[in-house]
Amino acid sequence: MNREDEHSAPEANIKSPNESVSPQKPTSFFQERPPQMMGVAPQLLRRWTRRDLLLFGAGTIAAVAAGSALLPPTTLKRLGIIQENKDWPKKEWLLNKSLRIDDDVAEALYSKDRSVPTYTKSQITPLRNNYNGATPDPSYIPEWHLTLDGLASGLSVSLNIRNLLASFQVYEQITRLVCVEGWSAISGWAGLRFDDLLRVYPPMSQAKWVRLESSVNLGPWGNPDPYYVSLDLSTARHQQTLLATHLNGKPLTVEHGAPLRLIAPVKLGLKNIKAITRITYTKDEPEDYWAKRGYSRYDGI
Amino acid sequence: MTCSTHLVEVIATRMPEEQTGVRVVRRHHLLVRFSHWLNVPILLGLILSGLSIYWASPVYQHKPDPLTGNVDRLADFSSWICVHVPGLHHHDNPPDWVYNHISLGPGMLAVALRLHWLCAYLFMLNGFVFVLGSAMSGGWRSLLPRRTDLRDALKMFFCYLGVPLAKLTHRSWLPPRFTTKYNALQRAAYFVVVIAGFVSVLTGWAIHKPMQLYWLTWIFGGYDNARIWHFWLMWLFILFVVPHVILVLADGWDTLRSMIVGWSARAGRSEGFNNEP
């Protein structure tokens with residue numbers, strides 16, 4: 001690599017009297033440059049060393065303190081660092097900030113006109129019911145109706161499943177549902193477009209959000225555990241956001257949210273609420289079941 | 001301008017005869033040193049939270065165990081550790097041993113995700129700082145692979161293998177000569193780990209935004225394969241760090257110090273330069 005005959009080249013590229021650069025000229029842009037020598041007074045060198053060691057040492061202490069403060073109390077307790085759960089009041093601030101930054105990034109990446117990938121029937125995979133609560137008694141289905149609130153008309157509208165299927169076109173799509181836990185499933189969904197519902201029953205003009213409720217959810221012991229999610233109107237208007245009535249060609253089962261559930265493939269599975277009973281359009285961001293439990297609010301993927 | 005240039009002037013005027021007293025060689029740019037050390041807490045945070053995220057839905061699964069219902073191969077490995085490692089036989093919950101010791105713990109998904117995003121954004125910022133430092137100093141050239149590297153890296157590898165034996169038998173053991181900043185094995189390791197940093201960021205985005213960035217997910221063979229890539233890249237970092245730390249400590253204080261102060265007193269490695277004052 002280093003050619004011997006270039007040793008005698010004049011030392012023209014010396015930068016300063018203190019820095020001597022080896023005289024070989026690099027033969028290409030990618031070739032490693034010769035090492036840069038410096039002449040330094042020993043006292044100055046000691047001072048530099050002391051300064052840098054102190055600075056990096058202080059940085060290490062700060063990083064260890066900040067890092068362990070950010071770890072969850074249960075982890076610290078298990079490691080024996082703290083004895084009891086004493087939460088540092090501002091601790092959540094930085095973690096929440098990073099979650100909001102990530103939500104803003106997700107929102108910036110989202111485009112109402114970008115479609116998510118679709119699959120063929122042969123690519124369909126089993127869909128699990130990830131709900132660890134009790135499955136409701138199917139007796140609610142004949143009584144079921146959907147209530148719409150926060151409309152431009154100022155009225156509250158009630159629709160049953162026959163109304164919905166008779167007055168809206170049904171679309172089919174095979175898309176992937178991605179769970180926040182990390183698993184995913186490809187399923188064939190059919191239902192009406194949320195966008196079509198929004199056109200027929202327009203929300204009030206200031207509305208930016210949708211609150212979706214499911215009142216048929218039960219906790220693990222059959223106790224009521226109402227589920228509700230927030231959804232931005234822009235996602236509701238996406239062409240692949242469905243109010244689904246069918247899974248893989250069959251009407252939805254109770255486990256998968258009969259008779260009507262949300263399918264928003266641009267969102268994590270937890271936003272895809274089952275057995276919707278009420279849709280409310282709001283100006284301010286509504287509460288979200290999982291956001292209250294420390295997960296993201298936007299959940300765009 | 002800075003404090004140090006001011007000091008140079010002061011000392012130069014006071015004792016001009018000492019000004020060129022010690023010859024040192026510039027090793028690492030300030031930004032490179034900064035990002036190098038920041039990687040320690042950031043990668044630790046990413047691994048701890050990452051394994052907690054992995055716990056929620058393990059990539060490597062088998063059919064549910066008839067007794068415990070467990071599907072997670074990492075939990076099986078965890079139980080295996082508790083059975084075979086002395087002193088761990090009485091651990092409360094063997095399947096959770098790994099999660100209790102190298103993650104935030106089982107059942108911590110929400111907390112783990114927030115910490116993972118925080119560390120991931122810091123990791124990307126830190127990567128940018130490293131790229132900036134390498135570009136400003138031109139140090140990136142020292143990491144590029146060369147045609148002769150494979151042979152030289154193997155030589156170096158066998159040299160490292162022979163060191164403990166040579167120490168035991170009190171024989172002198174000279175490493176192969178090289179005139180570059182890093183030897184071929186170092187260069188290969190550093191080059192791979194930098195690329196792995198970029199790829200782990202890319203696979204991370206492929207998992208995080210599989211709909212908006214579906215083309216990126218597609219490049220890594222789909223959603224599930226992107227998770228597998230991301231998982232094994234974590235192991236690559238762990239497998240890099242272990243010999244990295246051992247070799248730095250074995251190489252001596254000068255090498256470790258050079259990543260803190262930026263210069264090395266070992267100027268002799270370069271050609272045609274006499275380190276004697």
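Two strands are said to pair if DSSP finds at least two bridges between them. The legends below apply this to a predicted model.

**Figure 1. Strand 2 of chain A pairs with strand 1 of chain B across the two chains.** G39(A) stands opposite R23(B), a residue in strand 1 of chain B. The pairing joins residues 36–40 of chain A to residues 22–26 of chain B in the antiparallel sense, over four bridges. Strand 1 of chain B also pairs with strand 2 of chain B, residues 263–264, again in the antiparallel sense and over two bridges. Strands of a sheet pair through backbone hydrogen bonds, in either a parallel or an antiparallel sense.

**Figure 2. The interface between chain B and chain A.** In this interface, 65 residues of chain B are in contact with 68 residues of chain A. The two chains bury about 6,000 Å² between them, and 64% of this area lies on carbon and sulfur atoms. On the side of chain B, the residues that lose the most area to chain A are R114(B), M211(B) and Q212(B), which together account for 14% of what that side buries.

**Figure 3. Salt bridges between the chains.** Side chains of opposite charge can pair when their charged atoms come close. Over all chains the count is 15 salt bridges, and the count between chain B and chain A is two. In one salt bridge, the side chain of E32(A) meets that of R146(B) at 2.7 Å, taken from N to O. This pair joins two chains, because E32(A) lies in the loop between strand 1 (19–21) and strand 2 of chain A, while R146(B) lies in the loop between helix 5 (109–137) and helix 6 of chain B. In another salt bridge, the side chains of R33(B) and D52(A) meet at 3.9 Å, N to O.

**Figure 4. Helix 1 of chain A packs against helix 10 of chain B.** Two packed helices are described by the angle between their axes and the distance between the axes. Here residues 42–70 of chain A and residues 253–261 of chain B form the two helices, which pack at an angle of about 75 degrees with their axes 9 Å apart. Angles of 65 to 115 degrees count as roughly perpendicular, and helix 1 of chain A and helix 10 of chain B are therefore roughly perpendicular to each other. Helix 1 of chain A contributes T49(A), D52(A), L53(A) and F56(A) to the contact, and helix 10 of chain B contributes W253(B), R257(B), I260(B) and V261(B). By class, the residues of this contact divide into five nonpolar, one polar and two charged. D52(A), part of this contact, is also the salt-bridge partner of R33(B).

**Figure 5. Helix 6 and helix 7 of chain B pack against each other.** Helix 6 spans residues 149–168 and helix 7 spans residues 184–208; the angle between them is about 105 degrees and their axes are 7 Å apart. That angle makes helix 6 of chain B roughly perpendicular to helix 7 of chain B. From helix 6 of chain B, the residues D149(B), D152(B), A153(B), M156(B), F157(B) and Y160(B) meet A184(B), L185(B) and R187(B) of helix 7 of chain B. Six of the residues in this contact are nonpolar, none are polar and three are charged.

**Figure 6. The open sheet of five strands in chain A.** The strand order is 4-3-12-7-8, with mixed pairing. Strand 4 (157–159) and strand 8 (227–232) of chain A are the edge strands, each pairing on one side only. From one strand to the next, the twist averages 20 degrees. Strand 3 (residues 146–149) and strand 12 (residues 278–282) of chain A pair in the parallel sense over three bridges, and T147(A) stands opposite R278(A). Strand 7 of chain A runs antiparallel to strand 12 of chain A, joined by five bridges, with W209(A) opposite T282(A). Strand 7 (residues 209–214) of chain A also pairs with strand 8 of chain A in the antiparallel sense, over six bridges. In this pairing, L231(A) is the bridge partner of V210(A).

**Figure 7. Backbone details in two loops of chain A.** A cis peptide bond, with omega of about 0 degrees, joins A258(A) and P259(A). P259(A) is found in the loop between strand 10 (250–251) and strand 11 (261–263) of chain A. N248(A) has a phi near 50 degrees, a positive value in a residue other than glycine. This residue, N248(A), is placed in the loop between strand 9 (242–247) and strand 10 of chain A.

Conventions. Residues numbered from 1 in each chain as written. Chains lettered and ligands numbered in written order. Predicted model: local features only at pLDDT ≥ 70, side-chain atom pairs only at ≥ 80, totals over all residues. Heavy atoms only, no water. Axes fitted to C-alpha atoms, helices over the stretch in contact; angles between N-to-C directions. Parallel < 35°, antiparallel > 145°, perpendicular 65-115°, else oblique. Contact = heavy atoms within 4.5 Å. Nonpolar A, V, L, I, M, F, W, Y, C, P; charged D, E, K, R; others polar. Buried area = accessible area lost by both parts, 1.4 Å probe. Salt bridge = Lys/Arg side-chain N within 4 Å of Asp/Glu carboxyl O.
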